[in-house]
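Hi,

Here is the structure I promised to pass on to you. Have a look at it first, and then read my notes below.

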Amino acid sequence: MTHAPDDYALVIGINDYPRWNNGAKSLKGSVKDAQDFHEWLVADAGGGLSRNNVKLILSSGAPLAPRQFAIDDAFREIREQSEGKTRRRFYFYFSGHGHSRAGSWQQQSLCLANWSPVDAGAALHLESYIKASIGCLKFAEAVFFLDCCRVRAIVPLGQQSELECGDPDAKNRYSAVLFGSDQYEPTYEGEVEEEIRGYFTSGLLKVLKEGTIELGDLLKRLKVIVPELAKPKDQTVRAIPADTEIYLGPPGSRPPAPNYATDDGTHVKISVISNLIGRNSKEDDSPPPLVGDISVLRDDLLIRRGLGSLTTKLPPGRYQVRIDHAEASVTHDLDVAGRRVNRDFVLPRRASATLLSSTVDKHEWLTDPVVKASKWDASKGGQAIFVSLRSRQPAGSPEILGSLDLEDPFNRRRKLYDAHSLHHVPLGMARLVYHDRRGTASFLPIPIAKDWDTHVFVLVSEGKPSLETASVSMRPAGAGFDPSDALIDAYERAIGDLVTGGPGPDPATLDALLWGKYRNPLFGLLGAHFLIRDLRRHAVPDPYLLERLSIVADNLGNLLGVTAPDVVALRLWKQLILNQQPSERPTHDLPLFNVGFQAFIEATAQSDSAPLHWFDDVALGLDANSPWTHWSQDYMIESPSGSHSYPTATSVFQVRSTALTRIRAIEKLWRDEGFVVEATQVDERRSLRATRTGGDDSFGLMHQANTILRVPEWLVSYMRDAIDRSERRKESINFARLVRRTMLPLNVLMTAKFLAEQDDGDQAIERSTEAAPALTRIPTDEQGKAEDDGEMAAEAE
């Protein structure tokens with residue numbers, strides 16, 4: 001008789017990775033580790049689960065398994081078996097390769113057997129399986145054991161579970177994750193008792209087999225055992241603990257739990273001090289937003305948490321107080337005896353391009369010139385953009401290698417040389433444009449609003465301006481920069497949470513940001529996107545949040561203009577949340593916020609009103625780790641007039657590449673559109689020269705051909721899997737869902753589908769297309785020069 005009939009488990013062990021470096025990255029111990037954990041789960045002296053309630057999935061090289069659908073099929077069996085029954089606890093164990101997405105917060109992916117750098121999307125998204133288990137299947141508890149790397153990787157998120165529902169409800173449910181390594185660090189396997197095993201799983205089973213143990217005590221034991229097993233390699237264990245006690249093992253041998261958190265004890269008050277202030281008006285007497293996350297720990301166990309200040313009672317002993325401020329963190333020892341404790345801790349300074357009182361490198365000799373340079377006499381009206389360039393290295397030079405330009409709404413460019421510069425500009429959207437010495441161009445849109453100044457702070461590292469991490473805010477025209485503004489600090493920290501999926505501002509700070517739009521419209525924009533994030537997380541939108549979003553969007557329309565791209569994006573998000581056919585037409589200008597551009601992208605799956613080809617260029621070069629719509633191009637498209645409004649009578653395109661499948665797709669596209677195409681091939685390189693007199697949308701065809709060349713190979717593989725899945729299930733591909741998952745325009749997905757359907761025989765000789773060659777539009781009266789330029793381009797390739 002099992003002692004845990006209401007518990008279920010999904011156990012996965014993957015040794016085989018044949019597509020990754022021709023199998024050189026395959027593992028040796030993961031399958032055996034999974035088998036042994038499975039045996040502990042079903043043992044009476046272990047987890048006590050029914051064997052029928054445990055799904056064991058092991059890898060194989062031929063056929064290549066498991067794929068994501070097989071894991072979800074096993075998960076689906078658990079759902080069906082437990083339907084109508086008590087769902088007490090769900091165990092999830094994974095041993096294999098894994099990675100953490102660069103710039104993310106706990107966005108862990110678990111690599112499947114078909115994973116490789118080319119098929120970088122062939123992974124499970126951990127967060128999705130946590131949501132599905134406790135939020136959708138509504139297990140009371142879920143415990144995840146991950147014996148895999150958490151190395152930093154610039155890759156897409158793993159695949160979501162098909163069991164994830166639209167409205168996950170985790171109320172009064174608990175989950176915990178035990179990681180085999182620290183964030184961005186590897187885990188290892190090696191010889192343990194004359195077998196190749198994972199060090200994390202070996203330590204885990206050693207402790208579990210000793211008897212019943214509480215999860216927090218298990219973590220403390222593993223922090224000692226696993227580093228010892230892994231020597232001389234450096235490996236530790238980390239966890240996201242549940243705020244409840246979870247016991248593992250037979251219930252009859254449960255030890256008494258240590259009573260660290262009790263109402264009896266010594267009165268303790270902890271406060272975080274800073275010189276940040278923040279008011280939305282001169283008459284506003286409200287305090288500045290709370291800053292400084294406080295964690296009180298004892299023996300690595302979290303005892304209490306607070307924001308800005310914390311009052312509690314603690315039993316006597318030594319504690320650690322950790323103060324977090326964005327990525328900055330400082331830990332202090334705190335001794336509690338019988339006397340009342342009042343301690344103030346200084347807010348640690350975080351990194352930022354902005355010189356706030358709460359950031360590193362904030363000194364008067366740096367901030368005073370910024371304040372002075374950003375002020376001007378705005379009595380006659382107008383608006384300006386203030387740009388501050390500062391070296392990332394202390395006492396370093398902000399000199400730019402290449403060129404950095406400010407392009408105003410009339411496409412007039414101004415070179416940026418000085419550390420601080422003020423530019424009076426007309427209304428519209430401007431952008432910063434950086435060209436490096438290799439010819440790569442990167443872009444950052446800059447909003448301009450009537451009677452508002454836009455401040456842009458950029459760090460320069462080794463001659464390269466980091467536009468992707470720029471700090472962008474707004475102030476009333478002429479008012480200048482305020483380094484003591486607490487709301488800018490809260491705004492920047494919340495931006496980090498928005499892009500990484502972090503917790504976001506507390507309710508009081510969110511209210512301050514939304515009201516703060518009258519002193520900085522970007523505060524309101526950010527607050528609106530957190531309202532949108534909350535609305536998107538629920539199947540049935542909250543009417544109060546919808547009404548609040550409408551009010552904020554209307555007010556921001558009055559401040560920034562009703563046609564401002566970021567304001568259009570807010571209205572568009574509301575229509576998408578309500579599943580309405582989008583009536584908002586995305587503008588040719590880009591919104592500043594990346595999540596605003598995502599609304600434009602998602603609309604491409606439901607509306608044909610978006611300028612698709614223009615979005616392809618941006619989306620394929622978009623920096624997913626930036627909060628802004630920051631994007632890059634590895635090439636520039638030349639045109640005789642430089643404008644879609646004045647095309648020449650005859651269009652000539654030429655292209656060269658070794659990606660034969662893609663070149664043939666372009667050749668077919670051009671022939672179908674009436675071009676005369678001359679094709680030549682030398683070795684593996686194929687060249688096309690296409691000519692057409694008259695005809696419409698030559699620029700659109702040029703963008704479409706560029707998209708064919710630039711679609712990444714991982715997306716083609718992803719689409720190939722989607723086609724296989726649709727054929728296997730005899731259902732059409734849900735492109736709207738794929739647009740949301742990949743955040744790529746519908747036209748890019750359709751192009752990837754087209755390429756996926758081409759002859760696979762050409763794939764073997766294709767190389768990566770991340771830096772695909774350019775397509776150049778050539779005026780007929782300059783063909784001789786264009787041919788010479790083409791030869792130079794070919795040599796550069």
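Lys138 sits in the loop between α3 (126-136) and β7 (141-147). Helices and strands here are DSSP runs numbered from the N terminus (H or I, at least four residues, for helices; E, at least two, for strands). Lys138 isn't a glycine, yet its phi is positive, about 65°. It counts as partly exposed because its relative accessibility is 36%; the cut-offs are under 20% relative accessible area for buried, over 50% for exposed and partly exposed in between (1.4 Å probe, protein chains only).

Before you go further, note that this is a predicted model, where local features need pLDDT of at least 70 and side-chain atom pairs count only at pLDDT 80 or more, while totals for chains, interfaces and linings use all residues. Residues are numbered from 1 along each chain as its sequence is written, and side-chain values use heavy atoms, with hydrogens and water left out.

Glu193 also has a positive phi without being a glycine, near 50°. You'll find Glu193 in the loop between β10 (189-192) and β11 (195-198), and it counts as exposed because its relative accessibility is 74%.

Next, the cis peptide bonds. One joins Ala65 and Pro66, with omega about 5°, and Pro66 lies in the loop between β2 (54-58) and α2 (68-82). Another joins Lys231 and Pro232, again with omega about 5°; Pro232 belongs to the loop between α5 (215-230) and β13 (238-240).

Now for Trp115, in the loop between β5 (108-111) and β6 (123-125). Is Trp115 buried or exposed? It's buried, because its relative accessibility is 7%. Skipping neighbours within four places in sequence, its contacts (heavy atoms within 4.5 Å) are Tyr17, Arg19, Trp20, His99, Ala120, Ala122 and Ala123. A polar atom of the Trp115 side chain lies 3.1 Å from the backbone oxygen of Ala120. Arg67 is 48 residues away from Trp115 along the chain, but their C-alpha atoms are separated by 9.4 Å.

Last, the cores. A nonpolar core is a set of buried Ala, Val, Leu, Ile, Met, Phe, Trp, Tyr and Cys residues joined through side-chain atoms within 4.5 Å. The largest one has 121 residues, and Leu432 and Trp670 have the most contacts inside it. Helix α9 (residues 521-536) gives the most to this core, with 9 residues. A second, separate core has 42 residues, including Leu110, Ala113, Ala122 and Ile134.

Cheers

How values were computed. Polar contact = N/O pair within 3.5 Å; in protein donor to acceptor, adjacent residues only side chain to side chain.
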